[in-house]
Amino acid sequence: MRFLANDIITATADKYQFRVQELKQLSRRKDIVKARHIAMYLCRALTDLSYPELGRLFERHHTTVIHAVDKIRVAVRKDGDLSEEVATIMQHIEKGT
């Protein structure tokens, strides 16, 4: 099943208590960057959007999205807490909340 990118971004923003627009801003705050990278990772995993399409959605270059997705993919395997966070967000997305 495929999901809407905006639902994924909203669920991720809600999890980390940010506004959706904060995830798209140019902020380099570590906590916002983490949430943005997770949202990019989930959008790539749960939608059929290409890297260039995701780049436009997040107002970033597609290579930034590639970097974010790869970074989270590796981190999820190594960090159990991050893996649980991502799984929790995925559950919310799947439930439509």
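Student: Is Val86 buried or exposed?

Tutor: Val86 is buried, with a relative accessible area of 4%. Buried means under 20% relative accessible area, exposed means over 50%, and partly exposed lies in between, with a 1.4 Å probe and protein chains only. Please note that this is a predicted model, in which local features need pLDDT of at least 70 and side-chain atom pairs count only at pLDDT 80 or more, while totals for chains, interfaces and linings use all residues. Residues are numbered from 1 along each chain as its sequence is written, and side-chain values use heavy atoms, with hydrogens and water left out.

Student: Where does Val86 lie, and which residues is Val86 in contact with?

Tutor: Val86 lies in helix α6. Helices (H or I, at least four residues) and strands (E, at least two) are DSSP runs, numbered from the N terminus. Neighbours within four places in sequence aside, Val86 is in contact with Ile38, Tyr41, Leu42 and Val76. Contact means heavy atoms within 4.5 Å.

Student: How far apart are the C-alpha atoms of Val86 and Glu22?

Tutor: They are separated by 19 Å, and the two residues are 64 residues apart along the chain. Glu22 belongs to helix α2. It is a charged residue by the classification used here (Asp, Glu, Lys and Arg count as charged; Ala, Val, Leu, Ile, Met, Phe, Trp, Tyr, Cys and Pro as nonpolar; the others, Gly among them, as polar).

Student: Is Glu22 buried or exposed, then?

Tutor: Glu22 is buried, at a relative accessible area of 14%. Leaving aside neighbours within four places in sequence, Glu22 is in contact with Ile32 and Arg36.

Student: Let us turn to helix α3. What is the relative accessibility of Ala39?

Tutor: Ala39 has 0% relative accessibility and therefore counts as buried. Ala39 is placed in helix α3. Not counting residues up to four places away in sequence, Ala39 touches Ile8, Thr12, Leu23 and Phe58.

Student: Which residues of helix α1 are buried?

Tutor: In α1 (residues 5–15), the buried residues are Ala5, Ile8, Ile9, Ala11, Thr12 and Ala13. Their cover includes α2 (20–24), α3, α4 (51–58) and α6 (80–95).

Student: What about Gln17: where does it lie?

Tutor: Gln17 lies in the loop between α1 and α2. Its phi is near 60°, a positive value in a residue other than glycine. Gln17 is exposed, with a relative accessible area of 73%.

Student: Where is Glu59, and what is its phi?

Tutor: Glu59 is in the loop between α4 and α5. Its phi is positive, about 60°, although Glu59 is not a glycine.

Student: Changing topic, what volume does the largest pocket have?

Tutor: The volume is about 160 Å³. On a 1 Å grid over the protein atoms alone, a cavity is a set of points where a 1.4 Å probe fits but cannot get out, and a pocket is an open set with protein on both sides within 12 Å along at least five of seven lines; lining residues have an atom within 4 Å of a point. Grid points are joined across faces, edges and corners, and a volume is the space filled by probe spheres set on the points.

Student: Which residues line the largest pocket?

Tutor: The lining consists of Lys30, Val33, Lys34, His37, Lys71, Ile72, Ala75, Asp79 and Leu82. Two or more residues come from each of α3 (30–46) and α5 (62–78), and α3 gives the most, with 4 residues. The lining divides into 4 nonpolar, 1 polar and 4 charged residues.

Student: What sits over the ring of Tyr51?

Tutor: The charged end of Arg44 does, 4.0 Å from the ring centre. A charge sits over a ring if NZ of Lys or CZ of Arg is within 6 Å of the ring centre and within 35 degrees of the ring normal.
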